[in-house]
Amino acid sequence: MGTCFDCRHFVNDPRQLELSIPGLNTLSSAYASVRGESGLCSRLDLFLAPGGDCPNFEREGEAPLAD
Amino acid sequence: MSEHAAKPGADYCETKTCAETPPKAPMGWKELYLKEDWWAIYLGIGITIVALIAFLNGSTFVKALAINPGGLKWSSLGQLADHFSKNIGMYILQMISWLVIFGVSTRIMGIKSSEFIPSFIILYLLSIAMFAIGGWVNAPKYNLEPPLVALIIGLIIANVIPLPKWMDAGFRVEYYIKTGIVLLGATFPIALVVSAGPIALFQATLISVTTCVVIYMVATKVFGLDKRLGAVMGTGGAVCGVSGSMAIASAVGAKKDYLYTSVTLVVVWALVMILFIPFVAKSFGLNPGIAGAWVGTSEFADAAGFAAASAYGRMAGNEDAAIQGFTLMKVIGRDMWIGIWSFIFALIACFKWEKEECGTRPNAMEIWWRFPKFVIGFFVASFFMTAITAGYSSADFGKLVKPGLILPIVSLRTWAFIFCFLSIGLTTRFKELKSAGLKPFFAFTIGVIVNVMLGFILSVYVFGGHWSTLGAPLGK
């Protein structure tokens, strides 16, 4: 099993993050070092570090698992 | 139903344990060209070196390029028009220079040039207008300080005119303030960092810990809110605003909603403080160094704090002292420790909260990954320029170095700050901010009140004698 970083649900593109959380770019930035590679889990709606693991993991590029 | 079919959140928190493998390195060396902190260092140090080379070769090009209408003291529109008609070529050249260095770097970071360029041109033209307002001879009488005017006009534009979202590509608040901070380092005596840094660190740590604990305890114990929300709001209010919230949200695996709530509270209170602190400081007639230290203790974000400190410094007639006090307290006293806070909360989340919920095994490298790298640029620029100017006598410094090297760098720094202050307003769309809810609002607000009062007491009464001596420029 991979980490959040490799998961298809993990969104860490800075532009997408700033669009997802209005106000984030007002006094900070998704392009800042302080964010590291953290991102949003679009499945669980959590803001996560990239190194976590999870039973909901689905590798990038794989067909989605049935719900 | 497969093991993957449970509802989001349910199985995750029941079954997930700390990862057995440490988190992988975020982006490795790519960070050097994908993060704005590094670009701020390259631009700040690069501009400083170019200015130094020009100065050493007797060229006045950088000095001419650093033009701004802020010091005109014009009393009629004719004077202002005359200034622009005489210098239109230099302003166009300056705009192109900013456009190239910011445009190329943002493109490499992944921001579309087709969005950045038109947005930045508008930002530049608005910035000229802000400088021009500040250069009016009667501006100080009406408190028309460029940082405050830029913020308010930006807010009005963003909330009255429906600016398209893509324009945010050019309104890079953090990138501009970080570049300005590195340029500030080039005029900041390193001796001041060494002598005042430990006191700033002590005061900032005392207040940060107190504020964080107050917000966390009120949120969780009084209002019964989730501890992750308490942690995200606590660090947002105590350490570094939205950046602090973001770092801790990922360290503890907070809900997106928690981060959004904290972002909203930080933005709203930071805007209030930009206006509140300078005018309260003025009513007390505070020394600008003391007021700068207070702003550094009680503002949430670098960009907002520089706006407040710069505005009050101008009101009090010593902008350097206010900015020095703020920088020591916020950049050195608080910003540098964001990674450590993040690591501590990750430890708490994993080893204490893990019993009930989930988390990711903490990694001490987090402290470096989340370190605000632009601070390195501030130190390097300060050390470098202090060493370069140490060889000049006081007389030569005042006659040659200050007008030929220091003031052009200060002017370029002021441009970067004005881009930032305008961008704060232009990116704040109140209707997009989340309704925080009364409990989070009151928990955060109680923390703000404690922070502001404790910050005032420490800055004015406990360490006031120390902060009131600030304001000496490089070379003295």
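## Overall build of chain B

Bear in mind that we're looking at a predicted model. For a chain of 476 residues, a compact globule would come out with a radius of gyration near 23 Å, and chain B has 23 Å, so the two agree.

On the burial side, 53% of the 476 residues of chain B count as buried. Take the contacts in chain B with a separation of 6 or more: 81% of them join residues 24 or more positions apart.

## The nonpolar core

The largest nonpolar core holds 165 residues, and B:A270 and B:A304 have the most contacts inside it. Helix α18(B) gives the most to this core, with 15 residues. As background, nonpolar side chains in soluble globular proteins tend to be buried together.

What does B:A304 touch, once its neighbours within four places in sequence are left aside? The partners are B:A270, B:M273, B:I274, B:E299 and B:I424, plus A:L27 from the other chain. One of those partners, B:A270, is the other residue named for having the most contacts inside the core.

## How α6 and α18 cross

Within chain B, helix α6 (residues 113-134) packs against helix α18 (residues 394-427) at an angle of about 105°, and their axes are 10 Å apart. Angles of 65 to 115 degrees count as roughly perpendicular, so that's the label for α6(B) relative to α18(B).

From α6(B), the contact uses B:L123, B:L126, B:S127, B:M130 and B:F131. From α18(B), it uses B:W415, B:I418, B:F419, B:L422 and B:S423. Sorted by class, the residues of this contact are eight nonpolar, two polar and no charged.

## Where chain B meets chain A

On the chain B side, 62 residues are in contact with 39 residues of chain A. Several helices of chain B give two or more residues to that side: α1 (10-15), α3 (36-56), α8 (173-185), α10 (227-252), α11 (256-284), α13 (302-316) and α18. By class, this side of chain B has 32 nonpolar, 13 polar and 17 charged residues.

## Two positive phi values

Which residues other than glycine have a positive phi? A:D45 is one of them, with phi near 60°. A:D45 is found in the loop between β2 (39-41) and β3 (46-48) of chain A, and it counts as partly exposed because it has 13 C-beta neighbours inside 10 Å.

B:N143 is another, with phi near 55°. Its place is in the loop between α6 and α7 (146-160) of chain B. B:N143 has 14 C-beta neighbours inside 10 Å, so it too counts as partly exposed.

## A look at B:H466

B:H466 is in helix α20 (residues 464-467) of chain B. Is B:H466 buried or partly exposed? With 19 other C-beta atoms within 10 Å, B:H466 is partly exposed, because a buried residue needs 20 or more.

B:H466 and B:M95 are 371 residues apart along the chain, and their C-alpha atoms are separated by 40 Å.

Definitions and conventions: Residues are numbered from 1 along each chain as its sequence is written. Chains are lettered from A and ligands numbered from 1 in the order in which they are written. This is a predicted model: local features need pLDDT of at least 70, side-chain atom pairs count only at pLDDT 80 or more; totals for chains, interfaces and linings use all residues. Axes are lines fitted to C-alpha atoms, for helices over the stretch in contact, and angles run from 0 to 180 degrees between N-to-C directions. Helices (H or I, at least four residues) and strands (E, at least two) are DSSP runs, numbered from the N terminus. Angles under 35 degrees count as roughly parallel, over 145 as roughly antiparallel, 65 to 115 as roughly perpendicular and the rest as oblique. Two residues are in contact if their C-beta atoms, placed from the backbone, lie within 7 Å. Ala, Val, Leu, Ile, Met, Phe, Trp, Tyr, Cys and Pro count as nonpolar, Asp, Glu, Lys and Arg as charged, and the others, Gly among them, as polar. A nonpolar core is a set of buried Ala, Val, Leu, Ile, Met, Phe, Trp, Tyr and Cys residues joined through C-beta atoms within 7 Å. A residue is buried if 20 or more other C-beta atoms lie within 10 Å of its own, exposed if 12 or fewer, and partly exposed in between; C-beta atoms are placed from the backbone. The radius of gyration is taken over C-alpha atoms; the globule rule is 2.2 Å times the number of residues to the power 0.38.
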